[in-house]
Amino acid sequence: MNFDSKMAQAGMGIRPAHTVFRGGQIVNVFTGEVYRADVAVENGMIVGIGSYAGEHVVDISGKILCPGFLDAHLHLESTLVTPSELVENAVKCGTTTYIVDPHESANVSGAAGIDYILEETEEVPANVYVMMPSCVPALPFEDNGCTFTAEEMKQYRNHPRVLGLGEVMDHISVIQAEPSMLEKLELFSDQVCDGHIMTTDEKQLSTYLAAGVRTNHECTTYAEAKQQCRLGMHIHVRQGSAARNLDALVSGLVAEGIDTSAWSFCTDDKHIEDIRREGHIDHCVRRAVELGMKPVDAIRMATHNTAQCYGLKQLGAVAPGYWADLVVLDGLDTLNVCAVYHHGKNVADFRAQPKLPADSPLRTSIHCAPVELEDFAHPVSDESRVIELIPGQLVTNDITAQLPQENGFFAPDETYSKLAVIERHRASGKMGVAAVRGFGIRGGAVASSVAHDSHNLSVIGDNDADMLLAIRELQRTGGGYTVVSGGKVLHTVPLPIMGLMSDAGFSEVQDTLAAMLEDVHRLGVPENIEPFILLSFLALPVIPTLRLTPRGLFDVTRMEFVEKQN
């Protein structure tokens, strides 16, 4: 924004500012102080801190004023609702800036999916930035909807809301200096390149960083995060619906008391139901304080640190020359959000207005070959490789087991569930089947068209009939989540936009999803497992250790197929 005479006069106190926040204490992210001062705002920007007169005075006596929160890395699609509906809910939790990687949409619909994200967030009362998806597909062999190359990225290079390159999941391509990956890194060499790596190998980490990657949100232990931070990595502490790493990482930060300027918060993948129940980045701040972090340090991680990481020079502080993206808190002890302002305007009345036409091609993305009962048959050996779940984590264990069987074929029980992943973009007929330990479902099946990152159809259950019915239900609805038991569909959340999102309204999605969670836990899935997000990651072959794709069971550590099918 251009600084003008009106702003200068307001800053000098020659004339009243348009808006003045008065009576509260401000959080200073530069000095770590909290003190009483007025905040003068003109044309959406803070023009003065001190004592000011205003045309409009917002009385925040007894309250705390801090910068608007930033989500350092998220996939809007994972909320299950439209991007504008996510903003409608999360901005009222204090998150005024979103750094979005739209690789879910890109994996299904390419550039059209990215354009949808940008268009849907053009007029929301928040700052929505986009990182260009770097790995579409996630790995070269994946069966996704399209390939998004460096050449296609060039059209977005100078877009005002594009900040850099999205999470580089194919770290092998980086450390092997594959030309197609280096071309993408070079294209955004003067901006931020986000990372996605899960290793403690310091030579791999050093090479990855030397290539230009600067952030990582995949750390699950403090030791791992500290090692990466020492090498210059900016660590995004993730607290989503399935991957909840905050306690482990923040507890380490508190115990050791190291500098936190290279640490931020992100949600990555978080359902709308969880956002409405516990909050968004504000939840990260509160939880960090509960674990012993100083409130100002937690607020810094949610604001200034992220803004500095991404070069957002006018965000992340309550100071002159910064946008008036402000959060009013009831106090530093409770940290509850009382009001939120974007560019000086209260966001309380914002209501999302989804824009996608009813006849958009983005609504017809499920293209499956016919699936029959016999396709779920899975022959077993004396020692079968099994995906073992780890509650609260996206990583899995790789174990071997003698699976229960009938006539040489896997027969699921309360210990071992059956997982199938079916290609849904080109009706190729590819379908992988494997065993999973720890899901615990009995008498039913759960299916999803959200399966990172290729978003094929995934289904897990204890009997083939319910699994088949679940797949056919998703074909009928054009994608979504469904729960089936005893030959009946219990509940379905249709996600007709690319098989990833619904524009039916967050209330309907939330209510149905809550009922579905009750269904799934009643069918035996442990309460500490978030079944839908967990299921959506079991097909992603860049997260250790075992994953299932339509081509078969994949060992992520060795980067090779264990059991190849079709």
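Here is a short tour of a pocket, a cavity and a hairpin in this predicted model.

**Stop one: the largest pocket.** Begin by selecting Asn 127, Tyr 129, Pro 160, Arg 161 and Leu 312, the lining residues that lie nearest the centre of the largest pocket.

Which strand gives the most to the lining? That is strand 10, with 3 residues.

**Stop two: the largest cavity.** A search of the whole structure turns up 4 cavities of 30 Å³ or more, and the largest has a volume of about 60 Å³. To get there, select His 75, Glu 167, His 196, Asp 269 and Phe 537, which lie nearest the centre of this cavity among its 15 lining residues. Colour by class again: the cavity lining divides into 7 charged, 5 polar and 3 nonpolar residues.

**Stop three: a hairpin.** Finally, select residues 546-549 for strand 29 and residues 552-555 for strand 30. The two strands run antiparallel, with 4 bridges between them, and a hairpin of 2 residues links one to the other. Where is the bridge partner of Thr 549? Zoom in on Gly 552, in strand 30, to find that partner.

Key. Residues numbered from 1 in each chain as written. Predicted model: local features only at pLDDT ≥ 70, side-chain atom pairs only at ≥ 80, totals over all residues. Heavy atoms only, no water. 1 Å grid on protein atoms, 1.4 Å probe; cavity = no way out; pocket = protein on both sides within 12 Å on 5 of 7 lines; lining within 4 Å. Points joined across faces, edges and corners; volume = space filled by probe spheres on them. Nonpolar A, V, L, I, M, F, W, Y, C, P; charged D, E, K, R; others polar. Pairing = 2+ DSSP bridges.
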